[in-house]
Amino acid sequence: MRRILNTRTNTAHKPRDDGSHRTTACGSLVTATHDRTRVVSGEEVRTSAAIDRCGSCFEDVTGY
């Protein structure tokens, strides 16, 4: 399972279900350039204390 990381805010987002590359489910990275995002694994997001999860993409998280 892949996630999209906003490297500027260190926030992980879920990708869109339609398979679009580097496009998030919440739409918050629609204007972000490729140098500000990178694809990471879901495991990396779960195990990293430094990565936040987007509250719009993940039901168990509040806020952006």
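## Overview of the chain

Of the 64 residues that make up the protein chain, 31% count as buried. The model described here is a predicted one, and every value given below was computed from it. The protein chain contains one helix and four strands, and from the N terminus on these elements follow one another as β-β-β-α-β.

The accessible surface of the protein chain amounts to about 4100 Å², and 46% of that surface belongs to carbon and sulfur atoms. Among the contacts in the protein chain with a separation of 6 or more, 50% are made by residues 24 or more positions apart.

## The sheet

The four strands form an open sheet in the order S3-S1-S2-S4, with mixed pairing. S3 and strand S4 (52-53) are the edge strands of this sheet, each pairing on one side only. In general, the strands of a sheet pair through backbone hydrogen bonds, and they may do so in a parallel or an antiparallel way.

Strand S1 (residues 2-6) and S3 run antiparallel and are joined by five bridges. Within these two strands, isoleucine 4 stands opposite valine 39, the latter belonging to S3.

## From S1 into S2

The loop between S1 and S2 holds asparagine 10, whose phi is near 60°, a positive value in a residue other than glycine. Asparagine 10 counts as partly exposed, because its relative accessibility is 25%, a value that lies between the limits of 20% for buried and 50% for exposed.

Threonine 11 is found in strand S2, and its relative accessible area of 4% makes this threonine buried. The side chain of threonine 11 is joined to the side chain of threonine 9 by a polar contact of 3.1 Å.

## Alanine 25 and its surroundings

The loop that runs between strand S2 (11-13) and strand S3 (37-41) contains alanine 25. With a relative accessibility of 53%, alanine 25 counts as exposed. Leaving aside residues up to four places away in sequence, alanine 25 touches Lys14, Pro15, Arg16 and Cys57. For one of these residues, lysine 14, the C-alpha to C-alpha distance to alanine 25 is 5.7 Å, although eleven residues separate the two in sequence.

## Cysteines without disulfides

How many disulfides does the structure hold? The structure holds zero disulfides, where such a bond is, in general, a covalent link between the sulfur atoms of two cysteines.

For cysteine 54, the closest cysteine sulfur is that of cysteine 57, and because the two sulfur atoms are 3.8 Å apart, they are too far for a bond. Seen from cysteine 57, the closest cysteine sulfur lies in cysteine 26, at 3.6 Å, which is also too far for a bond; the cut-off applied to a pair of cysteine sulfur atoms is 2.5 Å. Cysteine 54 is buried, with a relative accessible area of 1%, and cysteine 57, at 4% relative accessibility, likewise counts as buried.

## Salt bridges

The structure holds three salt bridges. In general, side chains of opposite charge can pair when their charged atoms come close. One of the salt bridges links arginine 38 and glutamate 44, whose closest N and O atoms are 3.4 Å apart. Arginine 38 counts as partly exposed at 37% relative accessibility, and glutamate 44 is partly exposed with a relative accessible area of 30%.

A further salt bridge joins the side chains of arginine 46 and glutamate 43, at 2.8 Å from N to O. Both of these residues lie in helix H1 (residues 42-47), where they are three residues apart, about one turn of the helix. Arginine 46 is exposed, with a relative accessible area of 55%, whereas glutamate 43, with 45%, is partly exposed. The side chains of aspartate 60 and arginine 53 also meet in a salt bridge, at 3.0 Å from N to O. In this pair aspartate 60 counts as exposed at 59% relative accessibility, while arginine 53, at 28%, counts as partly exposed.

Conventions:
Residues numbered from 1 in each chain as written. Predicted model: local features only at pLDDT ≥ 70, side-chain atom pairs only at ≥ 80, totals over all residues. Heavy atoms only, no water. Buried < 20%, exposed > 50% of the residue type's maximum accessible area, 1.4 Å probe, protein only. Contact = heavy atoms within 4.5 Å. Areas by Shrake-Rupley, 256 points an atom, 1.4 Å probe, with all protein chains shown as cover. Polar contact = N/O pair within 3.5 Å; in protein donor to acceptor, adjacent residues only side chain to side chain. Pairing = 2+ DSSP bridges. Salt bridge = Lys/Arg side-chain N within 4 Å of Asp/Glu carboxyl O.
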